[in-house]
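Colleague: I am new to this structure and would like to learn how to read its features. Please show me the model, then take me through it.

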Amino acid sequence: MKFKKHRLLWMCMAFALLPGMATQAQTLIEVRLDTADILIGEQTTLHLTVTTDEGKQVYCPLPVDRLMPGVEILSLSQPDTTVIDRKLIIRRNMVVTSFDSLLYLLPPFMAIDGADTLYSAQVALKVSTLPVDTEHPEEFFDIKAVWKPPFVLADYYPLIFGILITLILLFLIWYIVMRLRSNRSLVPFRREEPQLPPHAEAMQELDRIKGRKLWQQGRYKEYYTQVTDTLRHYLFRRYAFNAMEMTSHEILETLREKNSDRTAHDKLRQILLLADFVKFARLHPLPDENDLSMSNACRFVDQTKPEETLPPPAAAEPGKVYPVPPLPSAKSKAGAYKESKPDDYKKGGLQ
């Protein structure tokens, strides 16, 4: 009877200790290899899994570059943490390789759970060398050729796009330069406004300068700068030489080769020389000199403008009779003179 009581007491104590034993066994550490047999230089992945209760702090120190002598670590993944049924599962993957043909017994991994330290089981890794034909030791094989990677069009996208962008930029530069050289608008397919003839454009600009009355306000330099720039642009369009980039002496010499009119040459010379004195010597011309410069500029443009040629008369068709207009009679002539005499003659002269 007394033995039964002691037996019952021991059973009760065992059941009381079971929850504590279960709690201590809840943290597990597991190690697994993808393949345990590799050739020299090949790689395999070692999977490390730690399972514990949710909310626990578990520390698992891992090596960084070498697992053991002869086994190197190539990469180590970041911890992958998941919670399943209130269990915390931590996974990490380690890529290892070896260059010595041996059978390695990998060291156990350690996990620190509070005051407890847990170790995983040890796994073996067999590293084999290439098989050797012992029956034909005199046969040697050369190193294999480098394998060519497969053709993937996406690998050539940067080169293709770089060439296309370069060609587009070169075309745009060529297009802009050609349009600017021909004084055309950069926007294609746009109807360009008709350009005035050189002499008409110059006379219009001179009238605008005259209307601003610059020299009357004491702005002599601005006045002569605008007058000479107008004449330089006129010479560029009229005689096709770059007068905007020439000195006054070079303009006069070039004009003498293209136009032999002495009076036009003298008028332009008066304007350019006086303008140089105003712009560089700060000369203040007299009012008569300012008016003379504007008058000479207008006369120079009028004397050097291209002559208008009338179209040749149409050839008469053979065999066709053309009507002859009647001659005016003497009476109609006298009446015309009488009607025009009082208005056309003033102070003894025809105006």
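Colleague: Where is Glu138 found?

Modeller: Helices (H or I, at least four residues) and strands (E, at least two) are DSSP runs, numbered from the N terminus. Glu138 sits in the loop between β12 (124–128) and α2 (157–181). This is a predicted model, in which local features need pLDDT of at least 70 and side-chain atom pairs count only at pLDDT 80 or more, while totals for chains, interfaces and linings use all residues. Residues are numbered from 1 along each chain as its sequence is written, and side-chain values use heavy atoms, with hydrogens and water left out.

Colleague: Is Glu138 buried or exposed?

Modeller: Buried means under 20% relative accessible area, exposed over 50%, and partly exposed in between (1.4 Å probe, protein chains only). Glu138 has a relative accessible area of 54%, so Glu138 is exposed.

Colleague: Which residues form the negative surface patch?

Modeller: Patches are made of residues with over 30% relative accessible area and no salt bridge; like charges are joined within 9 Å, and nonpolar side chains (Val, Leu, Ile, Met, Phe, Trp, Tyr) within 5 Å. Asp and Glu count as negative, Lys and Arg as positive, and His and the chain ends are not counted. Here the negative patch consists of Asp133, Glu135, Glu138 and Glu139.

Colleague: What is the order of strands in the open sheet of three?

Modeller: Two strands pair if DSSP finds at least two bridges between them. The order is β4-β10-β11, with antiparallel pairing. β4 (58–59) and β11 (116–119) stand at the edges with a single partner strand each, so one side of each has no neighbour in the sheet. Strand β10 (residues 110–113) is joined to β11 by four bridges, and Asp113 stands opposite Asp116 in β11.

Colleague: Which residue forms a salt bridge with Asp113?

Modeller: Side chains of opposite charge can pair when their charged atoms come close. The rule for a salt bridge is a side-chain nitrogen of Lys or Arg within 4 Å of a carboxyl oxygen of Asp or Glu. By this rule the count is ten salt bridges. In one of them, Lys56 pairs with Asp113, the closest N and O atoms being 3.3 Å apart. This pair links distant parts of the chain, 57 residues apart: Lys56 is in the loop between β3 and β4, and Asp113 is in strand β10. Lys56 is partly exposed at 25% relative accessibility, whereas Asp113 is buried at 12%.

Colleague: How many residues apart are Arg256 and Glu253?

Modeller: Arg256 and Glu253 are three residues apart in helix α5 (residues 248–258), about one turn of the helix. Their side chains meet in a salt bridge (3.1 Å, N to O). Arg256 is partly exposed, at 39%, and Glu253 is partly exposed, at 34%. Elsewhere, Arg219 and Glu222 form a salt bridge with the closest N and O atoms 2.8 Å apart. A network of salt bridges links Arg212, Arg219 and Glu222.

Colleague: Why is strand β3 largely enclosed by the rest of the structure?

Modeller: Strand β3 (residues 43–53) is largely enclosed because nine of its eleven residues are buried. Strand β1 (residues 28–33) pairs with β3 in the antiparallel sense over six bridges, and Val31 stands opposite Leu48 in β3. β3 also pairs antiparallel with strand β8 (residues 87–98), over eleven bridges. There the bridge partner of Gln43 is Thr97 in β8.

Key. Areas by Shrake-Rupley, 256 points an atom, 1.4 Å probe, with all protein chains shown as cover. Charge placed at Lys NZ, Arg CZ, Asp CG, Glu CD.
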